[in-house]
Amino acid sequence: MSIIRVHKTANFTVMSNTHFKEKKMSLKAKGLLSLMLSLPDDWNYSVSGLVTLSKDGKDSVMSALGELETFGYLER
């Protein structure tokens with residue numbers, strides 16, 4: 001498998017790799033955190049708002065948020 005890197009000038013997100021290296025965290029939680037970090041600061045960070053961004057339902061989003069809270073990436 002090859003990796004294609006593109007010179008980024010617009011519409012990209014820069015984030016720490018720290019959460020990607022959490023071996024005990026699910027890919028679902030890592031993906032949700034990455035998605036959340038890509039959203040603007042004034043975005044509606046509600047469960048219902050996050051549900052609208054993927055095919056995952058409320059229970060799935062809630063479990064990922066719980067996992068992020070457990071690992072210290074989310075405070076409610």
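Let's start with helix 3. Its face turned away from the buried side carries the exposed residues Lys-58, Asp-59 and Thr-70. Exposed means over 50% relative accessible area, buried under 20%, and partly exposed in between, with a 1.4 Å probe and protein chains only. Helices here are DSSP runs of H or I, at least four residues, numbered from the N terminus.

A word on the source. This is a predicted model, where local features need pLDDT of at least 70, side-chain atom pairs count only at pLDDT 80 or more, and totals for chains, interfaces and linings use all residues. Residues are numbered from 1 along each chain as its sequence is written, and side-chain values use heavy atoms, with hydrogens and water left out.

Now the other face. Which residues of helix 3 are buried? Ser-60, Val-61, Ala-64, Leu-65, Glu-67 and Leu-68. They sit on the same side of helix 3, because they cover an arc of only 160° around the axis. That arc is taken from the directions from the helix axis to the C-beta atoms.

What covers them? Helix 1 and helix 2 (47-51) are included. Take Ala-64. Beyond its neighbours within four places in sequence, Ala-64 is in contact (heavy atoms within 4.5 Å) with Lys-28, Ala-29 and Leu-32.

Next, helix 1. Its buried residues are Ala-29, Lys-30, Leu-32, Leu-33, Ser-34 and Met-36. They pack against helix 2 and helix 3.

Last, the largest nonpolar core. It has 12 residues, including Met-25, Leu-50 and Leu-74. Helix 1 (27-38) and helix 3 (58-70) each supply at least two. Such a core is a set of buried Ala, Val, Leu, Ile, Met, Phe, Trp, Tyr and Cys residues joined through side-chain atoms within 4.5 Å.
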